[in-house]
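Biologist: Hello! Could we walk through this model together?

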Amino acid sequence: MKRIGIIAKTDKPQAVEVSKELIPWLKGRGIEPVIDEGLGALLGISGCCSKNQTASKSDMLLVLGGDGTLLAAAGLVGVTGIPILGVNLGSLGFLTEITIDELYPAMERVLKGEYEIEERVMLSVRIVRNGTETGLFTVLNDVVVSRGSTARIIDLETKVNGDYVTTYKADGLIVSTPTGSTAYSLSAGGPIIYPSLRVFTLTPICPHTLTNRPVIISDDSLVTISLLSREDVLLTTDGISGPAIHYGDTIEVSKAENTIKLIKSPYRSYYEVLRKKLRWGER
């Protein structure tokens with residue numbers, strides 16, 4: 001490993017302070033830091049790279065921030081397939097499992113090749129209007145089709161591999177990966193799914209029919225969602241607002257060709273993260 005890219009949540013002063021120590025630490029071990037230009041500006045370093053270049057020029061990506069920062073970085077990796085190590089600057093994250101205190105011991109292990117990688121499936125989201133593709137996204141957590149500012153429920157005709165499932169009358173519908181099962185889907189009553197399982201979850205948001213429960217399907221499936229309501233609705237991918245969806249539009253969701261490779265924490269299991277984040281066992 002010769003080059004390590006650094007992407008940080010730049011509105012956190014702690015990210016800058018950590019980077020000031022981390023960059024010379026890497027150089028002292030013969031590693032070339034590839035620094036995101038936003039972070040470089042705060043550090044007073046010129047000649048830095050865009051976020052896309054930071055990912056494309058690196059052998060590994062080090063993300064300093066929270067789960068949201070890592071989600072944004074995941075979209076940069078693309079076909080390069082480089083591993084990502086997430087370091088949380090606040091409370092423990094589902095994706096950023098390494099704490100600040102564990103940063104340097106974890107990096108020592110990485111540089112020695114003593115680490116495990118967990119591959120996470122991603123979603124490919126395609127918007128089709130009148131037979132023409134109008135949008136294409138790749139996401140790690142989830143895609144959400146939801147009503148906008150109106151208080152009316154919306155009608156979403158949903159098919160899996162061409163087989164009609166139902167027309168959800170609800171505030172919206174979440175299609176989630178196992179990674180995203182602890183995000184919005186969990187808040188909407190969806191199940192927690194172990195990250196390495198090859199499945200998706202369809203989770204309706206406040207369905208009019210209470211028997212419309214979350215459904216788990218194979219990640220080899222093609223999910224087709226057609227808007228049957230006249231109201232415009234919103235498409236959100238990994239928490240980022242996308243284009244408005246209009247009557248007759250179709251959203252096609254399938255497994256993306258690429259996966260994300262996350263370096264696993266050597267200090268705790270997924271279940272420990274669940275216990276701490278969700279406060280299981282506390283009174």
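Modeller: Gladly! Ser58 is buried, with a relative accessible area of 5%, where buried means under 20% with a 1.4 Å probe and protein chains only. This is a predicted model, in which local features need pLDDT of at least 70, side-chain atom pairs count only at pLDDT 80 or more, and totals for chains, interfaces and linings use all residues. Residues are numbered from 1 along each chain as its sequence is written, and side-chain values use heavy atoms, leaving out hydrogens and water.

Biologist: Which backbone oxygen does the side chain of Ser58 reach?

Modeller: Ser58 sits in the loop between α3 (51-56) and β3 (60-65); helices (H or I, at least four residues) and strands (E, at least two) are DSSP runs, numbered from the N terminus. At 2.4 Å, its side chain reaches the backbone oxygen of Thr54.

Biologist: Nice. Which strands stand at the edges of the open sheet?

Modeller: Six strands form that sheet, in the order β13-β12-β11-β8-β15-β16, with antiparallel pairing; two strands pair if DSSP finds at least two bridges between them. An edge strand has a single partner, so one side is left without a neighbour in the sheet, and the strands in that position are β13 (215-218) and β16 (240-245).

Biologist: And what is the bridge partner of Ile174 in β12?

Modeller: Strands β11 (residues 172-176) and β12 (residues 199-205) run antiparallel and are joined by five bridges. In β12, Ile174 has as its bridge partner Thr203.

Definitions and conventions. Buried means under 20% relative accessible area, exposed over 50%, partly exposed in between (1.4 Å probe, protein chains only). A polar contact is a pair of N or O atoms within 3.5 Å; within protein, one must be able to donate a hydrogen and the other to accept it, and residues adjacent in sequence count only if both atoms are side-chain atoms.
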